[in-house]
Amino acid sequence: NSWTTGSALPRTAREMPIKEASEMGATMAFGEKYGDVVRVVDFGQGVSVELCGGCHVENTAQIGLFRIVAETGIAAGVRRIEAVVGESAYEYLSTRDNTFSQVCG
């Protein structure tokens with residue numbers, strides 16, 4: 001989509017009280033333990049606002065190719081996805097295609 005290949009939506013990350021994060025609609029995984037102060041990552045324009053401790057790209061255009069490799073349920077009505085992006089996604093697809101060609105010959 002245009003968020004990962006065209007228009008670059010900038011990332012903002014800031015720490016705030018968990019109550020404030022909840023009030024602004026930040027996604028919180030049910031059952032996860034959070035402190036009184038949390039890190040909120042926001043890509044704006046309704047794309048993503050969530051609590052996160054990991055590092056992120058500076059804007060969405062840096063993601064490039066995006067390939068979901070796994071998804072699991074983490075709570076009622078909540079799914080977690082794992083993906084590879086950018087050059088890693090190209091390598092993943094190339095390896096998968098080579099394996100498929102060898103098996104199906």
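Is Asp97 buried, partly exposed or exposed, and what is its relative accessible area? Asp97 is partly exposed, at 41%; buried means under 20% relative accessible area, exposed over 50%, and partly exposed lies in between, with a 1.4 Å probe and protein chains only.

Before going on, a note on the model. It is predicted: local features need pLDDT of at least 70, side-chain atom pairs count only at pLDDT 80 or more, and totals for chains, interfaces and linings use all residues. Residues are numbered from 1 along each chain as its sequence is written, and side-chain values use heavy atoms, with hydrogens and water left out.

Now the overall layout. The protein chain has three helices and five strands, in the order α-β-α-β-β-β-β-α from the N terminus. Helices (H or I, at least four residues) and strands (E, at least two) are DSSP runs, numbered from the N terminus. Of the 105 residues, 19% count as buried. The accessible surface is about 7,400 Å², and carbon and sulfur atoms hold 52% of that; these areas come from the Shrake-Rupley method with a 1.4 Å probe, and for residues only the protein chains shown count as cover. Taking contacts (heavy atoms within 4.5 Å) between residues at least 6 apart in sequence, 42% join residues at least 24 apart.

Next, the strands. Strands of a sheet pair through backbone hydrogen bonds, either parallel or antiparallel. Here, two strands pair if DSSP finds at least two bridges between them. Three strands make an open sheet, ordered 1-2-3, with antiparallel pairing. Strand 1 (12-17) and strand 3 (49-51) are the edge strands, each pairing on one side only. Strand 2, residues 37-42, is joined to strand 3 by three bridges, and Val41 has Glu50 in strand 3 as its bridge partner.

Strand 4 and strand 5 pair antiparallel over eight bridges. Two residues lie between them in the hairpin, where Gly77 takes a positive phi near 75 degrees. Phe66 stands opposite Val85 in strand 5.

What makes up the nonpolar surface patch of about 320 Å²? The answer is Phe66, Ile68, Ile81 and Val85. Strand 4 (66-75) and strand 5 (78-85) each supply at least two of the patch residues. Patches are made of residues with over 30% relative accessible area and no salt bridge; like charges are joined within 9 Å, and nonpolar side chains (Val, Leu, Ile, Met, Phe, Trp, Tyr) within 5 Å. Val85 counts as partly exposed because its relative accessibility is 36%.

Last, the charged pairs. Side chains of opposite charge can pair when their charged atoms come close. A salt bridge here is a side-chain nitrogen of Lys or Arg within 4 Å of a carboxyl oxygen of Asp or Glu, and the count by this rule is three.

Asp97, from the opening question, forms a salt bridge with Arg96 at 3.7 Å, N to O. Arg96 is partly exposed, at 39% relative accessibility.

Glu20 pairs with Arg14, the closest N and O atoms being 3.9 Å apart. Glu20 is partly exposed at 35%, and Arg14 is partly exposed at 45%.

Lys19 and Glu23 meet at 3.1 Å, N to O. Both Lys19 and Glu23 are exposed. They are four residues apart in helix 2, so about one helical turn separates them.
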